[in-house]
Amino acid sequence: MSKILIGRYVPGNSLVYKMDPRGKLLVTILFIFIIFLANNWVTYAIITIFSFLAVAATKLKAKVFWDGVKPLIWLILFTSVLQLFFTTGGQIYWNWIIFTISSYGITNAIYIFIRFTLIILISTVMTVTTMPLEIADAMEWILTPLKYVKVPIDKIALVMSIALRFVPTLFDETLKIMNAQRSRGADFNNGGLIKRAKAITPLLVPLFINSLETAVDLSTAMESRGYRDGANRTRYRILKWSKYDLYELAYFIILVLLLLVFRTK
Amino acid sequence: MTIKKLLKIDLQGLVMLGIVIAMKIILGRFSFGPAIVKVGLGFIGSVMLGYLFGPIWGAVGGCISDLVSSALFGNQGGFFIGFTLTAMAGPFIYGLFFYQKPVKIWRIIVATLLVTLIVNIGMNTLWVHFLYGMNLKAALIQRAPKELIVPWIQMFIDYFVLQAISRVKIKK
């Protein structure tokens with residue numbers, strides 16, 4: 001349970017750690033789109049090799065990445081199997097009522113399995129090598145263009161950092177309230193449906209009241225320290241691009257070019 | 001209710017929004033029920049966002065909750081803008097039905113069914129289809145059993161939660 005406090009960040013000192021979180025986040029987001037470029041064996045092989053290059057560059061143990069895939073492994077397998085049965089086309093090997101196994105189905109199932117796994121791997125590289133606060137800063141940077149369509153980015157950034165800051169605090173609070181209610185006989189894990197739905201109230205109401213009080217206190221404190229809505233403010237935490245981000249850029253461009261060259265038109 | 005009124009929010013509201021988002025993220029980590037149908041509690045956070053902040057700030061809150069939880073725990077299944085939209089759509093619909101309105105059973109039923117249909121069955125299936133190139137029919141079949149059972153459980157919980165929260169609001 002203490003895992004929740006630090007997120008999924010695993011400390012390390014390899015190349016990937018020195019890269020700017022903005023670059024890492026952009027590549028992670030774009031990775032999902034360039035994986036669509038892969039549509040034959042060669043391109044899937046290329047993208048698999050590149051993903052494992054990224055994983056290797058973190059210099060972390062394989063277990064870290066296995067932990068990322070493990071909770072989803074049944075979903076991935078189930079999805080692939082469903083895909084196997086419901087894709088028709090090509091040579092048909094086996095057919096029973098609505099289930100068919102065809103050559104298209106088999107290749108598609110394998111492609112989906114690879115896609116699923118690679119997307120999770122690359123996302124894991126991102127979250128494991130970057131601290132949550134840095135990821136939040138990177139997200140804020142990516143959202144900045146929305147300023148031009150009048151989205152209040154400064155407010156959103158404020159809410160984001162408050163949420164990020166209060167997740168661990170509220171989590172401790174939640175466990176405390178649960179234990180306090182348990183010590184007086186509350187039961188969160190047994191009973192019928194309605195009883196369990198009702199059992200959530202003695203957890204939520206104190207949590208909610210605490211949150212209201214925190215919000216009042218925090219906003220008063222912020223205002224007394226000179227926070228004015230919409231006023232121009234400076235930044236204390238600043239992200240800086242470095243030469244390491246060029247490696248990332250090269251990685252991404254080479255990957256896209258290779259995929260474009262080898263994909264079937 | 002005018003759009004302008006819906007957009008207005010003061011500092012205390014913003015701070016509260018941040019904290020309710022944190023609550024939603026934490027609730028999302030809990031689930032209850034037998035192993036066959038685990039019900040995550042994240043939807044309670046969506047209901048609270050919609051009920052307390054209305055459709056627009058609720059949707060913003062949904063967006064931020066998705067971003068922050070991905071930053072903290074990593075997004076299961078990868079960073080994908082579609083799932084952020086999904087996280088926004090839930091509180092938006094709840095906001096349309098619950099914001100500054102008395103808690104009524106029909107509202108809960110209609111809102112939950114709409115969220116299930118549009119968000120969980122519609123949008124999420126579509127994203128899985130885009131993201132993994134999965135056959136739409138296969139994606140629907142995979143999702144159907146859960147979405148047939150869970151909404152009814154959610155309605156029960158929504159009712160108790162909304163009643164409880166509306167009591168707190170009056171006391172403030």
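B:Gly133 sits in the loop that joins H5 and H6 of chain B, where helices (H or I, at least four residues) and strands (E, at least two) are DSSP runs numbered from the N terminus. This is a predicted model, in which local features need pLDDT of at least 70 and side-chain atom pairs count only at pLDDT 80 or more, while totals for chains, interfaces and linings use all residues. Residues are numbered from 1 along each chain as its sequence is written, chains are lettered from A and ligands numbered from 1 in the order in which they are written, and side-chain values use heavy atoms, with hydrogens and water left out.

With a relative accessible area of 34%, B:Gly133 is partly exposed; buried means under 20% relative accessible area, exposed over 50%, and partly exposed in between (1.4 Å probe, protein chains only). Which residues does B:Gly133 touch, not counting residues up to four places away in sequence? Contacts, meaning heavy atoms within 4.5 Å, are made with A:Gln83, A:Ile112 and A:Arg115 of chain A and with B:Val128 of chain B.

Chain B brings 58 residues to the contact and chain A brings 69 residues. About 5,800 Å² is buried between chain B and chain A, and carbon and sulfur atoms give 85% of this area; buried area is the accessible area (1.4 Å probe) that two parts lose on being put together, summed over both. Across the interface of chain B and chain A, the rule finds 0 salt bridges, a salt bridge being a side-chain nitrogen of Lys or Arg within 4 Å of a carboxyl oxygen of Asp or Glu. The rule likewise finds 0 residue pairs in polar contact across this interface, with both residues required to be at pLDDT 80 or more. A polar contact is a pair of N or O atoms within 3.5 Å; within protein, one must be able to donate a hydrogen and the other to accept it, and residues adjacent in sequence count only if both atoms are side-chain atoms.

On the side of chain B that touches chain A, at least two residues each come from helix H2 (11-29), helix H3 (42-73), helix H5 (105-132) and helix H6 (136-171) of chain B. H2(B) gives the largest share of that side, 15 residues. By residue class, the side of chain B that touches chain A holds 44 nonpolar, 11 polar and 3 charged residues. Here Ala, Val, Leu, Ile, Met, Phe, Trp, Tyr, Cys and Pro count as nonpolar, Asp, Glu, Lys and Arg as charged, and the others, Gly among them, as polar.

Turning to chain A, the secondary structure comprises 12 helices and 2 strands, in the order α-α-α-α-α-α-β-β-α-α-α-α-α-α from the N terminus. The radius of gyration of chain A is 24 Å, whereas a compact globule of 265 residues would have one near 18 Å; the radius is taken over C-alpha atoms, and the globule rule is 2.2 Å times the number of residues to the power 0.38. Along the principal axes, the C-alpha atoms of chain A fill a box of roughly 70 × 55 × 40 Å. Of the 265 residues in chain A, 45% are buried. Among contacts in chain A with a separation of 6 or more, 73% are between residues 24 or more positions apart.

Over all chains, the structure holds 5 salt bridges. One network links A:Lys63, A:Asp67 and A:Lys70. A:Lys63 is exposed at 56% relative accessibility, while A:Asp67 is partly exposed at 27% and A:Lys70 is partly exposed at 42%.

Another salt bridge joins the side chains of A:Arg237 and A:Asp137 (2.9 Å, N to O). A:Arg237 lies in the loop between helix H11 (201-224) and helix H12 (244-262) of chain A and A:Asp137 in helix H8 (residues 132-143) of chain A, so the pair ties together parts 100 residues apart in sequence. A:Asp137 is buried, at 9% relative accessible area, whereas A:Arg237 is partly exposed at 39%.
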